[in-house]
Amino acid sequence: MALHTSLPWAKTPLIINAPMGGFAGGALATAVTEAGGLGMIGAVDDMEALDGHLSKVEARLDRVNGLLPIGVGMLPFITKLDAAVSVLQKHRPAVVWFFAARELDHYAEWAERVREALPHSQIWIQVGSVDAALQVAETAKPDAICVQGSDAGGHGYEKGAGIISLVPEVIDAFSARSHHISVVAAGGIVDGRGVAAALSLGAQGVVVGTRFLAAKETRVHPVYQKAVLAASDGGQSTTRSKLFDNLRGPNPWPLAYDGRSLVVESFLEHERGVDIEEIRRKHNEALKGPDAGFGEGGKDGRAAIWAGTGVGMVKEVQPAGEIVEEMRSEAAKVLASVSARL
Ligand SMILES: Cc1cc2nc3c(=O)[nH]c(=O)nc-3n(C[C@H](O)[C@H](O)[C@H](O)COP(=O)(O)O)c2cc1C
């Protein structure tokens with residue numbers, strides 16, 4: 001079954017907002033689903049907060065086949081499984097997404113527990129390599145895999161490839177082993193051209209984070225959002241580094257991961273060889289300030305400003321529903337114009 005038909009409210013091409021922990025709450029998920037996309041909430045470790053976001057969605061959206069027509073993203077390396085399952089069971093979202101287990105094998109345990117509690121919900125897992133996609137396909141048997149390329153904002157595999165090679169290689173590997181798992185693409189997709197490209201690579205939908213940092217419904221500090229709008233030339237203005245996870249204290253993330261952020265003062269000091277203790281001290285002090293460590297939204301900030309390489313094309317704040325509709329209609333136009341040029 002095509003992925004979008006398993007989400008009966010969804011329109012094609014399927015646009016999914018990334019479950020950005022702390023940023024993507026009930027308001028964003030509701031708006032994206034209302035526009036015919038798959039709205040996602042990003043959970044971290046606060047299950048009470050997640051419960052609150054899901055209750056907000058429940059007040060706004062009707063259930064579809066008994067399920068709440070949104071997804072919830074979980075981070076197995078930090079989220080407590082029992083607490084997560086009880087909130088999920090209470091609200092029954094259509095999709096439960098996992099990203100960043102400490103070991104790839106852990107996804108199978110999460111998938112089993114969530115399937116037991118929510119037998120009608122889909123399980124999606126985001127990975128960043130062909131090997132991981134295959135291992136997870138065999139052990140956790142998800143309904144969909146999100147193939148995350150190295151252009152993605154926020155966390156991802158330290159060693160990576162862009163979606164232009166990663167997505168088709170995963171699709172070929174699945175088809176060689178007869179795995180019937182849908183593939184969606186993430187990383188650097190910010191407009192209809194990116195959507196059209198991902199569809200051409202074989203993806204059944206796109207997961208978009210950075211563009212939604214400029215959505216009205218996203219929970220983002222105004223200086224953070226200003227920095228996203230001002231940034232250009234994402235390959236230069238952003239960087240992948242483990243430094244960002246070492247800023248608050250010792251890095252809690254699994255070894256395979258780093259994160260992509262705008263280049264900020266903490267990173268520049270790290271490059272100049274300043275000691276991590278010194279960088280941390282200044283960072284944690286800056287977090288207490290009125291700008292929450294983001295400075296004036298330029299390189300002067302000390303806190304990470306997670307964003308992908310597509311950041312240079314994000315130029316205005318819009319309602320999330322408008323972003324979804326724009327990306328969908330632009331993609332259709334691009335694909336028609338490309339086929340007319342052949
Ligand atoms: C600010 C931000 C926070 C993110 N937080 C999460 C998260 O909590 N869980 C998750 O699975 N992915 C998270 N991601 C990664 C996204 O799932 C996705 O792979 C990425 O946003 C896609 O690339 P793009 O930002 O270029 O669109 C985050 C991304 C950003 C930009």
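This is a predicted model: local features need pLDDT of at least 70, side-chain atom pairs count only at pLDDT 80 or more; totals for chains, interfaces and linings use all residues.

Visitor: What lies 2.8 Å from an oxygen atom of the ligand?
Guide: A backbone N or O atom of Gly21 does. A polar side-chain atom of Gln126 also lies 2.8 Å from a ligand oxygen. For Gln148, a side-chain N or O atom is 2.9 Å from an oxygen of the ligand. The protein buries 96% of the 600 Å² that the ligand exposes when taken alone. Those areas come from the Shrake-Rupley method with a 1.4 Å probe; for residues, only the protein chains shown count as cover.

Visitor: Switching to charges. How many salt bridges does the count come to?
Guide: The count comes to 15. A salt bridge is a side-chain nitrogen of Lys or Arg within 4 Å of a carboxyl oxygen of Asp or Glu. In general, side chains of opposite charge can pair when their charged atoms come close.

Visitor: Which residues are linked in a network of salt bridges?
Guide: Glu269, Glu278, Arg281, Lys282 and Arg302. Arg302 and Glu269 pair at 2.9 Å, N to O. That pair links distant parts of the chain, 33 residues apart: Arg302 sits in the loop between helix H11 (276-287) and helix H12 (320-341), and Glu269 in helix H10 (residues 265-271). Helices (H or I, at least four residues) and strands (E, at least two) are DSSP runs, numbered from the N terminus.

Visitor: Are Arg302 and Glu269 buried or exposed?
Guide: Arg302 is buried, with a relative accessible area of 15%. Glu269 is buried as well, at 4%. Buried means under 20% relative accessible area, exposed over 50%, partly exposed in between (1.4 Å probe, protein chains only).

Visitor: What does Glu278 pair with?
Guide: Glu278 meets Arg281 in a salt bridge at 3.5 Å, N to O. Glu278 also forms one with Lys282, with the closest N and O atoms 3.6 Å apart. Glu278 and Arg281 are three residues apart in helix H11, so about one helical turn separates them. Glu278 is partly exposed at 30% relative accessibility, and Lys282 is partly exposed at 24%.

Visitor: New topic, Arg240. Where is Arg240 found?
Guide: In strand S10 (residues 238-241). Arg240 is buried, at 18% relative accessible area.

Visitor: What does the side chain of Arg240 make a polar contact with?
Guide: The side chain of Asp258, at 2.8 Å. A polar side-chain atom of Arg240 also lies 2.9 Å from the backbone oxygen of Ser150. A polar contact is a pair of N or O atoms within 3.5 Å; within protein, one must be able to donate a hydrogen and the other to accept it, and residues adjacent in sequence count only if both atoms are side-chain atoms.

Visitor: And Gln318, where is the place of that one?
Guide: In the loop between H11 and H12. Gln318 is buried, with a relative accessible area of 2%. Its side chain joins that of Glu322 in a polar contact of 3.0 Å.

Visitor: Backbone checks. Which peptide bond is cis?
Guide: The bond from Thr12 to Pro13 is cis, with omega near -10°. Pro13 is in the segment before strand S1 (14-17).

Visitor: What is phi of Ala100, and of Asp233?
Guide: Phi is near 70° for Ala100 and near 55° for Asp233. Most residues other than glycine have a negative phi, and most peptide bonds are trans. Ala100 is buried, at 0% relative accessible area, whereas Asp233 is exposed at 52%.

Technical notes: Residues are numbered from 1 along each chain as its sequence is written. Side-chain values use heavy atoms; hydrogens and water are left out.
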